[in-house]
Amino acid sequence: MQYRREIDGLRALAVLPVIFFHAGFALFSGGYVGVDVFFVISGYLITSIIVEERRQARFSLVRFYERRARRILPALFLVVACCLPFAWAWMMPYQLSDFSDSVAAVGLFSSNIVFWREIGYFGAAAALKPLLHTWSLGIEEQYYVLFPLFVLLMWRLGKRWLLLSFLVLGALSLLLSEWMWRHYVGANFFLLPTRGWELLVGSLIAVWKFDRDDAHHPVLHHGGSLLGLALILYAVFAFTPDTPTPSVYLLVPTVGAALIIVFATPMTWVGAVLGFAPFVGIGLVSYSAYLWHQPLFAFARLKIGGEPGIALIAGLIAATFLLAYLSWRFVERPFRDRGRVTRARIFTLALLGSAVMIALGLFGRMDHGHLSRFPQNDRNLISFNPQSMGRYVGDRFDKLRLVPFAPGARVKIFLVGDSFAQDFVNAYAENGYLRGASVSTFHIASQCGALISKENFARYVKPSDAPACIRGGGRFENPVVQSRIRQADVVLMVSKWSDWQAHYLPDTLQGLKALGARRVIIVGRKSFGDITPLRYVGMPPDAKHRIRNQVDPEQKATNLEMRRTLPSDVFVDSQKLLCGDDENSCPVFTPDLQLVSFDGNHLTPWGAAWAGKLLFQDKRLASLNQ
């Protein structure tokens with residue numbers, strides 16, 4: 001297959017936005033679409049090689065898989081191996097246990113499936129996953145297993161049927177992704193059936209271009225390649241993590257990549273730019289750069305317990321390309337050289353490397369993240385798992401969801417809100433409060449807004465969240481919710497109120513009264529800052545007692561707005577109750593040296609017991625416990 005410099009330049013255009021997106025640069029809000037450009041390139045190159053070799057009657061499945069193993073595995077195994085000591089040193093047990101799953105998944109070519117089961121791609125927790133980016137390799141590896149067999153099966157029917165089959169499969173995959181992003185967001189993002197169409201875009205143009213006249217038509221080639229570049233750049237800068245992915249929206253960068261592959265040549269402006277030596281150089285090391293960037297960013301965030309500053313980010317990006325060059329020069333290139341590494345050796349490396357990854361992963365999972373690494377007296381501090389803690393937060397609340405009030409109850413409380421309302425249930429339950437009360441709950445996710453207003457606050461709800469907000473039972477339009485409001489002695493509102501929501505709370509107070517609420521109590525939001533348990537390991541007790549985290553400015557501003565606009569007999573200032581007179585900071589440990597929160601927002605069982613005692617010192621809440 002003839003080498004095209006502009007393809008390597010296109011690789012640079014794909015990898016740079018991905019790196020900048022994961023670095024946290026807001027300008028590159030859609031930088032993740034670089035992966036989708038990679039899918040198109042991969043589909044094009046792989047299909048071109050298969051079609052060309054099949055036409056010459058020299059295609060071999062063994063040689064095809066050998067070529068893929070040489071391309072993907074040596075650098076991948078190197079990066080995973082380099083991650084191991086840092087994971088051991090800087091990860092909590094639950095993190096190391098999850099990391100072990102991802103290591104095993106690398107050996108099984110199933111990273112995308114593991115991350116689908118674990119976590120979404122966007123968000124703070126995902127940014128701490130050193131091997132998160134290998135999900136895309138899992139997609140490609142699964143595609144490589146199936147795709148050559150399909151091409152060989154369809155080849156005998158001719159080029160037209162091959163193209164038609166790609167079109168049909170691609171259309172079905174795209175339609176499936178359109179349905180899935182509305183119903184199963186995680187599966188839609190991570191799994192091959194909804195991603196296959198992106199690779200098939202590349203496969204389509206590879207078959208379409210095969211044996212075609214490549215005569216240069218200036219207007220067509222200049223215009224087509226410029227349009228392709230514009231589409232990719234538009235997606236990089238205009239898309240956001242809220243853009244449904246994958247979906248028809250991703251036709252923008254994938255069609256853009258296809259247009260560049262079809263129309264960009266050294267004689268076009270776009271081809272000349274992409275063929276510029278620095279872009280080609282970045283393109284050559286793009287695979288290694290892709291492999292290195294996520295572990296560097298993730299381990300930096302794990303080590304410092306927050307977001308890196310601009311100087312550190314710049315250093316990490318520089319380190320990414322330095323390591324990328326070194327691994328390309330001394331790992332990728334040598335292993336692609338059949339004269340230096342034989343087929344038998346590359347397959348032996350593949351099998352041995354995969355076996356080692358699987359064994360290490362299973363060992364880490366079975367040993368529960370190697371808790372024995374830590375001193376005995378600190379193991380309780382770092383042994384929790386946010387997933388199990390998340391279940392703890394919601395269990396009691398969920399069992400009370402819209403249950404009927406008990407006849408003859410001393411007081412009937414209708415508790416409405418998000419996970420902070422779930423926290424509130426634990427805060428009173430851990431202390432045995434409200435025993436004579438009957439509590440019914442209703443969950444409204446914080447992004448949906450537990451609000452009533454004649455104004456249209458729905459414009460603040462992200463389009464990607466709207467379907468879930470509707471499926472969750474709406475807000476106060478639910479007739480069962482309205483019935484509970486009328487029946488309750490007290491409607492208790494607890495949520496992670498945002499600044500825009502605080503603006504609508506006075507309207508909501510009036511709206512609840514219009515629905516028949518006799519009494520309303522609104523509890524403010526809380527925050528305990530960044531909780532980094534590894535930082536506290538080995539710390540003496542008196543030092544733990546003194547630790548206080550700074551309060552987020554948004555937290556303070558929202559609290560002040562609620563304090564200013566809500567009546568004093570309605571608003572409970574939880575931040576002041578929990579953090580004391582110094583509202584600029586909050587404690588990290590309870591008086592008996594247990595963590596207050598596991599994520600900076602939600603309470604541990606010990607934190608709930610501590611918080612409940614403080615909250616129910618407020619006369620409005622205390623009256624419910626009498």
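1. Start with a convention. A helix axis is a line fitted to C-alpha atoms over the stretch in contact, and the angle between two axes runs from 0 to 180 degrees between N-to-C directions. Keep in mind that this is a predicted model.

2. Take helix 2 and helix 9. Helix 2 covers residues 34-55, and helix 9 covers residues 192-209. Their axes lie 7 Å apart, at an angle of about 45 degrees. Helix 2 is therefore oblique to helix 9. The crossing of the two is right-handed.

3. Which residues of helix 2 meet helix 9? They are Asp36, Phe39, Val40, Ser42, Gly43, Tyr44, Thr47, Ser48 and Val51. On the side of helix 9, the partners are Arg195, Glu198, Leu199, Val201, Gly202, Ser203, Ile205, Ala206, Val207 and Lys209.

4. Now look at helix 1 and helix 11. Helix 1 spans residues 5-23, and helix 11 spans residues 251-263. They pack with their axes 10 Å apart, at an angle of about 160 degrees. Angles over 145 degrees count as roughly antiparallel. Helix 1 and helix 11 are therefore roughly antiparallel to each other. Their crossing is right-handed.

5. What does helix 1 bring to its contact with helix 11? Ile7, Leu10 and Leu13 come from helix 1. Helix 11 supplies Ala257, Ile260 and Ile261. The contact holds six nonpolar residues, no polar ones and no charged ones.

6. Five strands form an open sheet in the order 2-1-3-4-6, and the pairing is parallel. Which strands sit at the edges? They are strand 2, at 437-443, and strand 6, at 571-572. Each of these edge strands pairs on one side only.

7. Follow strand 1 along its neighbour. Strand 1 is made of residues 411-417 and runs parallel to strand 2, with seven bridges joining the two. Two pairs can be picked out by name. Phe414 has Ser440 of strand 2 as its bridge partner. Val416 has Phe442 of strand 2.

8. Is strand 1 mostly covered or mostly open? Mostly covered: six of its seven residues are buried. Buried here means under 20% relative accessible area. In a regular strand, side chains alternate between the two faces of the sheet.

Technical notes. Residues numbered from 1 in each chain as written. Predicted model: local features only at pLDDT ≥ 70, side-chain atom pairs only at ≥ 80, totals over all residues. Heavy atoms only, no water. Helix = DSSP H or I, 4+ residues; strand = E, 2+ residues; numbered from the N terminus. Parallel < 35°, antiparallel > 145°, perpendicular 65-115°, else oblique. Left-handed = near helix turned anticlockwise from the far one by under 90°. Contact = heavy atoms within 4.5 Å. Pairing = 2+ DSSP bridges. Buried < 20%, exposed > 50% of the residue type's maximum accessible area, 1.4 Å probe, protein only. Nonpolar A, V, L, I, M, F, W, Y, C, P; charged D, E, K, R; others polar.
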